[in-house]
Amino acid sequence: MRHIISILIENEAGALSRVAGLFSARGYNIETLTVAPTEDPSLSRMTLVTAGSDDIIEQITKQLNKLVDVVKVVDLSEAPHVERELMLVKVRASGKDREEMKRMSDIFRGRIIDVTETTYVIELTGTSSKLDSFIVAIDQTLILETVRTGVSGIGRGDRILKI
């Protein structure tokens, strides 16, 4: 099962490598990883997506909590949450394909953020499944390059990850 784990971590050199090392040492895969400072510059928020049974996720959470740099760990998947991912996709857009790419971008509520004579760069945000659906929906031969940020997530309502 897919889990989104949000970690509040001290914003120090080596903190990210210790978390990644914990996963690799135990043979767990990190599907996506996003890290940035919070409103408190001494803390960073790390959001990672991994897959595993409830027992494995519980073990990961316990191991993360033992790391010195980790302040707090929350599995966002356990309760209502909002998640988003950003994707930039460069597509071939010339001739008849130009209008088709514009139409597909509009259907998926994307924005064309760069235009040349032969290409578009399209920005899409949404759930991972929405971005995957866009990739499937367009002609694969038109995709020149794809960049994705990984998932960012936040709990809904009163659920807060703060010290």
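The structure before you is a predicted model. Between β1 and β4 there are five bridges, and the two strands run antiparallel.

These strands belong to an open sheet of four, ordered β2-β3-β1-β4 and paired in antiparallel fashion. At its edges lie β2, residues 32-37, and β4, residues 70-75, each of which pairs on one side only. On average, and with direction ignored, neighbouring strands of this sheet are turned by 15° against each other. Helix α1, residues 15-25, packs on the sheet and touches β1, β2, β3 and β4. The direction of α1 makes about 20° with that of β3, residues 43-51.

I turn now to helix α4, which spans residues 128-137. Its buried residues are Ser 128, Leu 131, Phe 134 and Ile 135. They lie on the same side of α4, because the arc they cover around the axis is only 125°. In general, an α-helix has 3.6 residues a turn, so residues three or four places apart point the same way. The buried residues of α4 pack against β1 (2-10), β5 (81-92), α3 (96-107), β7 (119-126) and β8 (143-148).

Finally, consider Ile 138, located in the loop between α4 and β8. Is this residue buried or exposed? Ile 138 has a relative accessible area of 4% and is therefore buried, the cut-off being under 20%. Setting aside neighbours within four places in sequence, Ile 138 is in contact with Val 91, Met 101, Met 104 and Ile 143. From Val 73, Ile 138 is 65 residues away in sequence and 38 Å away in space, C-alpha to C-alpha.

Methods. Residues numbered from 1 in each chain as written. Predicted model: local features only at pLDDT ≥ 70, side-chain atom pairs only at ≥ 80, totals over all residues. Heavy atoms only, no water. Buried < 20%, exposed > 50% of the residue type's maximum accessible area, 1.4 Å probe, protein only. Arc of directions from axis to C-beta. Contact = heavy atoms within 4.5 Å. Pairing = 2+ DSSP bridges. Axes fitted to C-alpha atoms, helices over the stretch in contact; angles between N-to-C directions.
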